[in-house]
Amino acid sequence: MTDFDSKIKSYCELIDAELEKILSRSNCLQQVVFDAMRYSVGAGGKRIRPILLLEFCRVCGGNIKDALPFACAIEMIHTYSLIHDDLPCMDNDDMRRGKPSCHKAFGEANALLAGDALLNLAFETMLCSSSNVDADLKLKAAQTIANYSGVDGMIGGQVIDLQNEGKDISEEILLRLYRDKTAALLRASASAGAILAGADEAKIAAADAYAEKIGIAFQIIDDILDCVGDQSLLGKPIGSDEKNNKKTYVSFHGVEKAKKDAIKLTQEAICALEAFEDKTFLTQLSDFLCTRKM
């Protein structure tokens, strides 16, 4: 196992153990919702957002244990968005990460409530944490996450996506969609991690710039995988974008140029890391995301 793999494993184990502690509940009247929340949070995934938050906190001189509640919160927000995205009123997807979607496993009403509950619990977890982080920094980090996950960020991107489904949209609108729907929560993660460490504005801005580039590249890779990916690795059917007449970066530029542009964005993201002394892991993470198969 490489140092990079070992660090990813260590971060994931830390995050998963804390999530399990936060979501652990049994024999209560609302048990089905807790079960649905745990089912979706525990369904797998790369934990990229909470890892980014913890690593940017670390490279900015903070204590990752103090940032852990925020890392768990960002994963809960990400998971709630996936639960809602899969609902029949949105993307109507039956599979997520190789398992039945939350609404297929627990019913549509329980899935909706599980998503709502995760969003609320995320902010409760951030604001009620007993870490050593200054209260003003906690509030600033929580506000940043709220801004990037709300109507001017992730939710706004989902609205743009729904409003333009099946339409012949411009590349400008597509990139705005990617910045909001995909990159915004990555930007929230990186920026919040730096904020919790008490970083200066220059480092917070560098973290934000890095995550925006990585976020757009991440979505372009998703587009590529939907065309040429391995369904058994992805855990969901491929070709859904073309089937749904959905405009993607690949439909504008083709697979080969999309690959080149994803690499270019990744290199630009790595350049933004010059603001940090210890950037080895983040550089490796950038390359890993750009070459991923799932």
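The buried residues of helix 2 are Gln-31, Val-33, Phe-34, Ala-36, Met-37, Tyr-39, Ser-40 and Val-41. Buried means under 20% relative accessible area, exposed over 50%, and partly exposed in between (1.4 Å probe, protein chains only). The model is predicted: local features need pLDDT of at least 70, side-chain atom pairs count only at pLDDT 80 or more, and totals for chains, interfaces and linings use all residues. Residues are numbered from 1 along each chain as its sequence is written, and side-chain values use heavy atoms, with hydrogens and water left out.

Helix 2 is mostly covered, with 8 of its 11 residues buried. Its cover includes helix 1, helix 4, strand 2 (99-100), helix 5 (102-106) and helix 6. Helices (H or I, at least four residues) and strands (E, at least two) are DSSP runs, numbered from the N terminus.

Now take helix 1. It has 21 residues and reaches 30 Å from first C-alpha to last, close to the 30 Å expected at 1.5 Å a residue. That expected span is 1.5 Å times one less than the number of residues. Phe-4, Ile-8, Tyr-11, Cys-12, Ile-15, Glu-18, Leu-19 and Leu-23 are buried in helix 1. Seen down the helix 1 axis, these residues fall within an arc of 140 degrees, so they line one face. The arc is that of the directions from the helix axis to the C-beta atoms. An α-helix has 3.6 residues a turn, so residues three or four places apart point the same way. On the other side of helix 1, Asp-3 and Lys-21 are exposed.

The buried residues of helix 1 pack against helix 2 (31-41), helix 3 (48-59), helix 4 (64-86), helix 6 (108-127) and helix 14. Contact means heavy atoms within 4.5 Å.

Start with helix 2. Helix 1 and helix 2 pack at about 170 degrees, with their axes 10 Å apart. Axes are lines fitted to C-alpha atoms, for helices over the stretch in contact, and angles run from 0 to 180 degrees between N-to-C directions. The pair is therefore roughly antiparallel (over 145 degrees). Leu-19, Glu-20 and Leu-23 in helix 1 meet Phe-34, Met-37, Arg-38 and Val-41 in helix 2.

Helix 14 (residues 280-290) meets helix 1 (residues 3-23) another way. Their axes come within 11 Å and cross at roughly 90 degrees. The two are therefore roughly perpendicular (65 to 115 degrees). Phe-4, Lys-7, Ile-8 and Tyr-11 in helix 1 meet Phe-281, Gln-284, Leu-285 and Phe-288 in helix 14.

Definitions and conventions:
Parallel < 35°, antiparallel > 145°, perpendicular 65-115°, else oblique.
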